[in-house]
Amino acid sequence: MNEKNATFESNMQRLEQIVRVMERGDVALDESLKLFQEGTELVKNCQKLLDEARIRVEKVMNGSDDEPVMEEFADE
């Protein structure tokens, strides 16, 4: 899968697969290291996508002074 075009959801799905495989504990060390490296790249990509989404939301939520309007989420 090309990480640059992957969606947040597909990255998370692959990350969950990696975690399941590694939790089984029956993977050779070399393969574990490759999976760990892939997982860290997926986490970085997910964080980048979340950061981009946050910026987009802030742009939509700009107030009259062009500053982001930040509101606390109400606990339900």
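I began with Glu-52, which is partly exposed at 36% relative accessibility. A reminder to myself before going on: this is a predicted model.

**Entry: the partner of Glu-52.** I looked for what Glu-52 pairs with and found a salt bridge to Lys-48, with the closest N and O atoms 3.3 Å apart. Both residues sit in helix H2, four residues apart, which is about one turn of the helix. Lys-48 is partly exposed too, at 49% relative accessibility.

**Entry: the whole chain.** Next I stepped back to the fold. Of its 76 residues, 14% are buried. I also checked the accessible surface, which comes to about 6600 Å², with 53% of it belonging to carbon and sulfur atoms. Among contacts with a separation of 6 or more, 47% join residues 24 or more positions apart.

**Entry: helix H2.** I followed H2 from residue 29 to residue 60. Its 32 residues reach 46 Å from first C-alpha to last, close to the 46 Å expected at 1.5 Å a residue. Which residues of H2 are buried? I listed Ser-32, Leu-35, Gly-39, Leu-42, Asn-45 and Cys-46. These buried residues pack against H1.

**Entry: Ser-32.** Ser-32 has 18% relative accessibility, so it counts as buried, the cut-off being under 20%. Leaving aside residues up to four places away in sequence, Ser-32 touches Met-22 and Val-27.

Entry: I then searched for charged pairs and got five salt bridges in the whole structure. One of them joins Glu-38 to Arg-14, with the closest N and O atoms 2.8 Å apart. This pair links distant parts of the chain, as Glu-38 is in H2 and Arg-14 is in H1, 24 residues away. Glu-38 is partly exposed at 31% relative accessibility, and Arg-14 is partly exposed at 25%.

I also checked Glu-9, which lies in H1, a helix covering residues 8-24. Is Glu-9 buried or exposed? I found Glu-9 exposed, with a relative accessible area of 57%.

**Entry: one more pair, one patch.** Arg-24 and Asp-26 meet in a salt bridge at 3.4 Å, N to O, and both are exposed. Last, I noted a nonpolar surface patch of about 290 Å², made by Val-57, Val-60 and Met-61. Val-57 belongs to H2.

Definitions and conventions:
Residues numbered from 1 in each chain as written. Predicted model: local features only at pLDDT ≥ 70, side-chain atom pairs only at ≥ 80, totals over all residues. Heavy atoms only, no water. Helix = DSSP H or I, 4+ residues; strand = E, 2+ residues; numbered from the N terminus. Buried < 20%, exposed > 50% of the residue type's maximum accessible area, 1.4 Å probe, protein only. Contact = heavy atoms within 4.5 Å. Patch = residues over 30% accessible without salt bridge, like charges linked within 9 Å, V, L, I, M, F, W, Y side chains within 5 Å. Areas by Shrake-Rupley, 256 points an atom, 1.4 Å probe, with all protein chains shown as cover. Salt bridge = Lys/Arg side-chain N within 4 Å of Asp/Glu carboxyl O. Expected span 1.5 Å × (residues − 1).
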